[in-house]
Amino acid sequence: MQIRSSPFSACPTEFPLPFEFAAFDLAASHTEETAALPPGAVAALHVASGCVNVTLNGGAPQKLEAEDALLFHADVAHSFFNPGLLAAMGYLVIVRKAQS
């Protein structure tokens, strides 16, 4: 997965959870495997164009098409696959559990 804008971490006073935001391009027929993030991490994926199949912890793929979104627990292994002929584009937000 090619990240188009650098992810950043922020921890504003009014929102004490660190987060990352990234725009991405996922090449046609490409799979991106991702290891489990730290416990409590959640992610929101929005597909702006194309199609992305999301697999969580080896389960059945969930198909997202343009304008679909998915909120999921990112503290399990997950993968993104583009079954299309063109690149898929979208946005990913990851929120990590606050450190105690």
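A: Two strands are said to pair if DSSP finds at least two bridges between them. The model is a predicted one.

Q: What makes β3 and strand β8 a pair?
A: Four bridges join β3 to strand β8 (residues 78–81). At least two bridges are needed, so the two strands count as paired. They run antiparallel. One of the bridges can be named: E33 has S79 in β8 as its partner.

Q: How many helices and strands does the chain have?
A: The chain has nine strands and zero helices. Its pattern along the sequence is therefore written β-β-β-β-β-β-β-β-β.

Q: In what order do the strands of the open sheet lie, and what makes some of them edge strands?
A: The open sheet has four strands in the order β3-β8-β5-β6, with antiparallel pairing. β3 and β6 each have a single partner strand, so one side of each lacks a neighbour in the sheet, and these two stand at the edges. From one strand to the next, the twist averages 20°.

Q: How do you know that β4 and β7 pair?
A: Strand β4 (residues 42–49) and β7 share five bridges in the antiparallel sense. The requirement is at least two, so this is a pair as well.

Q: Which side chains of β7 point to which face?
A: In β7 (residues 69–73), L70 and F72 point to one face and are buried.

Q: Why is L64 called buried?
A: Buried means under 20% relative accessible area. L64 has 5% relative accessibility, so it counts as buried. This residue belongs to strand β6. Beyond four places in sequence, its contacts are L45, V47, G50, C51, V52, V54, A69 and L70. The C-alpha atoms of L64 and N53 are 6.0 Å apart, although eleven residues separate the two along the chain.

Q: Why are S29 and N57 called exposed?
A: Exposed means over 50% relative accessible area. S29 has 53%, so S29 is exposed; N57 has 55%, so N57 is exposed. S29 is in the loop between β2 (19–26) and β3 (31–34), and N57 is in the loop between β5 (51–56) and β6 (62–65). Neither is a glycine, yet phi is positive in each: about 60° for S29 and near 55° for N57.

Q: Which residues of the largest nonpolar core touch the most other members?
A: They are L45, V52, V54, F72 and F80, out of 17 residues in this core. At least two core residues come from each of β2, β4, β5, β7 and β9 (88–95). Nonpolar side chains tend to be buried together in soluble globular proteins.

Q: What does V52 touch?
A: Leaving out residues up to four places away in sequence, V52 touches L26, L45, V47, Q62, K63, L64, F80, F81 and A88.

Q: How much of the chain counts as buried, and which atoms make up its surface?
A: Of the 100 residues, 30% count as buried. The accessible surface comes to about 5,800 Å², with 61% belonging to carbon and sulfur atoms.

Technical notes:
Residues are numbered from 1 along each chain as its sequence is written. This is a predicted model: local features need pLDDT of at least 70, side-chain atom pairs count only at pLDDT 80 or more; totals for chains, interfaces and linings use all residues. Side-chain values use heavy atoms; hydrogens and water are left out. Buried means under 20% relative accessible area, exposed over 50%, partly exposed in between (1.4 Å probe, protein chains only). Accessible areas come from the Shrake-Rupley method with a 1.4 Å probe; for residues, only the protein chains shown count as cover. A nonpolar core is a set of buried Ala, Val, Leu, Ile, Met, Phe, Trp, Tyr and Cys residues joined through side-chain atoms within 4.5 Å. Contact means heavy atoms within 4.5 Å. Axes are lines fitted to C-alpha atoms, for helices over the stretch in contact, and angles run from 0 to 180 degrees between N-to-C directions.
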